[in-house]
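Me: I would like to learn how to read a protein model step by step. Could we take one feature at a time, with the general idea before the case?

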Amino acid sequence: MEIKIQSIHFDATEKLQAFIEKKVAKLEKTYENIQKVEVQLKVVKPATAQNKETDITVVVPGTTFHVEKTYDTFEEGVDTGVDALKVQLTKYKEKTRDH
């Protein structure tokens, strides 16, 4: 599984990148055939609350899953984004198993 982290308009700290990689790696427990995960972090309107946009795209054979979250911190966005993706991957796995 390839993990690509992009930070737009700021530099992501090593601590943040390590956190993201650790969280995203857990997705493989839900679905084994993940080819690529792209995480895009963006700061919108730096002076306001809820200004951290987290975009996570997961590529599996045959389809792509995408989730977009906006929170006060990137950690929160990644956390809830990964949880939402787990749900999507679980549903997809069950659907493909039935066929």
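Me: Which side chain is joined to that of Thr-57 by a polar contact?

Reply: Please keep in mind that this is a predicted model. In general, one looks for a pair of N or O atoms within 3.5 Å, and here a polar contact of 3.0 Å joins the side chains of Thr-57 and His-66. Thr-57 itself has its place in strand 3, and, leaving aside residues up to four places away in sequence, Thr-57 touches Lys-36, Val-37, Glu-38, Thr-64, Phe-65 and His-66.

Me: How do I read whether a residue such as Thr-30 is buried or exposed?

Reply: The idea is to look at relative accessibility, where buried means under 20% and exposed means over 50%. Thr-30, which has its place in helix 2, counts as buried because its relative accessibility is 14%. Not counting residues up to four places away in sequence, Thr-30 touches Lys-86, Leu-89, Thr-90 and Lys-93.

Me: Which residues of helix 3 are buried, and what covers them?

Reply: An α-helix has 3.6 residues a turn, so residues three or four places apart point the same way. In helix 3, the buried residues are Phe-74, Gly-77, Val-78, Gly-81, Val-82, Leu-85, Leu-89 and Tyr-92. What covers them includes helix 1, helix 2, strand 2, strand 3 and strand 4. Helix 3 runs over residues 74–98 and reaches 36 Å from its first C-alpha to its last, close to the 36 Å expected.

Me: How many residues does the largest nonpolar core have, and which have the most contacts inside it?

Reply: The general idea is to look for buried nonpolar residues joined through side-chain atoms within 4.5 Å. The largest nonpolar core has 21 residues, and those with the most contacts inside it are Leu-27, Ile-34, Ile-56, Val-58, Val-60 and Leu-89. Helix 1, strand 2, strand 3, strand 4 and helix 3 each supply at least two residues of this core, and helix 3 gives the most, with six residues. As for Val-60, the residues it touches include Ile-34, Phe-65, Leu-89 and Tyr-92.

Methods:
Residues numbered from 1 in each chain as written. Predicted model: local features only at pLDDT ≥ 70, side-chain atom pairs only at ≥ 80, totals over all residues. Heavy atoms only, no water. Helix = DSSP H or I, 4+ residues; strand = E, 2+ residues; numbered from the N terminus. Expected span 1.5 Å × (residues − 1). Buried < 20%, exposed > 50% of the residue type's maximum accessible area, 1.4 Å probe, protein only. Contact = heavy atoms within 4.5 Å. Polar contact = N/O pair within 3.5 Å; in protein donor to acceptor, adjacent residues only side chain to side chain.
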